[in-house]
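Some notes on the model follow, point by point.

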Amino acid sequence: MKGTYFTRYSARVNSDHSLFNNKLTIGEHLLFTKTRRNALTSVLDRTWAIQPIVPIHTEDGKGWGGPVRGMSDRQNPIRLIEDNKQNHDDMFHLFGDMFLDLEPIKNLHLKTMFGVDYTFFWRRNMEHTYTSGYLSLDKAKVTNYDNRYGNWVWSNTLTYKFDIDDPHHFDLLGGHEMIRYYAEDLSASRQGFTSEDEDYMYLNAGEENQLNGGSATEYALLSFFWKDWV
């Protein structure tokens, strides 16, 4: 749809190296992703929700058409697209792991792995003044969002395979794993701007109604495990 977009850049690194006659193996699997998309993601439903008799523009062609009294309060979808062209979401995602596998004696493996899955999100949302039928906004507003969330995982395992006499085969597995998750979000907004230019509408330039908020959540898990096959 015109006025909407989505871009993504990604890089991947996968490698492993064997040392000391293959007794030690180290490696990593990493994925980096940077995306940007328009902030207005749900405009299609407005096209069928608004009544078809609502015009796109006023009669002089300069203002925005909108619902009149007695109609549902659905926004003009074309105005939403035009007034949100400057608003977008940016997201950076890091996903992957690094590992080390040591075989001190034959068939005995000590393996440690550290993995991460983190996302960083930010947006500067600018709301311009408008009049669209009986719907209006008389003070421009900017809101900043900054969210980050994700977890790390540290896993350590020991495996050993051996035979006792010819028909008896044993597989042993033991280890532990730790997980920690953390998420935090921040938001801040201001209203009243002398200019509604994109290069001007930053928080410090707002003149009134300063608001802010934030929250966080965190948890951790620790587990031990053991398994054997005979």
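1. This is a predicted model. The lining of its largest pocket divides by class into six nonpolar, four polar and four charged residues.

2. The volume of the largest pocket is about 190 Å³. Its lining holds 14 residues, and those closest to the pocket centre are Arg-79, Leu-80, Asn-84, Asn-125 and Glu-127.

3. As for secondary structure, at least two lining residues of the largest pocket come from α2 (77-83), and at least two from β4 (108-127). Strand β4 gives the largest share of that lining, with four residues.

4. The aromatic pairs number five. Tyr-160, Phe-162 and Phe-170 form a cluster linked by ring pairs.

5. Two contacts between a charged side chain and a ring can be listed here. Arg-124 places its charged end over the ring of Tyr-202, at 3.8 Å from the ring centre. Lys-111 is positioned over the face of Phe-99, with a distance of 5.3 Å to the centre of that ring.

6. Strands β7 (residues 141-164) and β8 (residues 168-191) are antiparallel and are joined by 24 bridges. Within this pairing, Tyr-145 has Ser-187 of β8 as its bridge partner.

7. Strand β8 also pairs with β9 (residues 208-229), again in the antiparallel sense, over 20 bridges. Here Ser-215 in β9 stands opposite Asp-185. Strand β8 therefore has a pairing with β7 and another with β9, given that two strands pair if at least two bridges are found between them.

Definitions and conventions:
Residues numbered from 1 in each chain as written. Predicted model: local features only at pLDDT ≥ 70, side-chain atom pairs only at ≥ 80, totals over all residues. Heavy atoms only, no water. 1 Å grid on protein atoms, 1.4 Å probe; cavity = no way out; pocket = protein on both sides within 12 Å on 5 of 7 lines; lining within 4 Å. Points joined across faces, edges and corners; volume = space filled by probe spheres on them. Nonpolar A, V, L, I, M, F, W, Y, C, P; charged D, E, K, R; others polar. Phe/Tyr/Trp six-rings, centres within 6.5 Å; stacked < 30°, edge-to-face > 60°. Lys NZ or Arg CZ within 6 Å of the ring centre and 35° of its normal.
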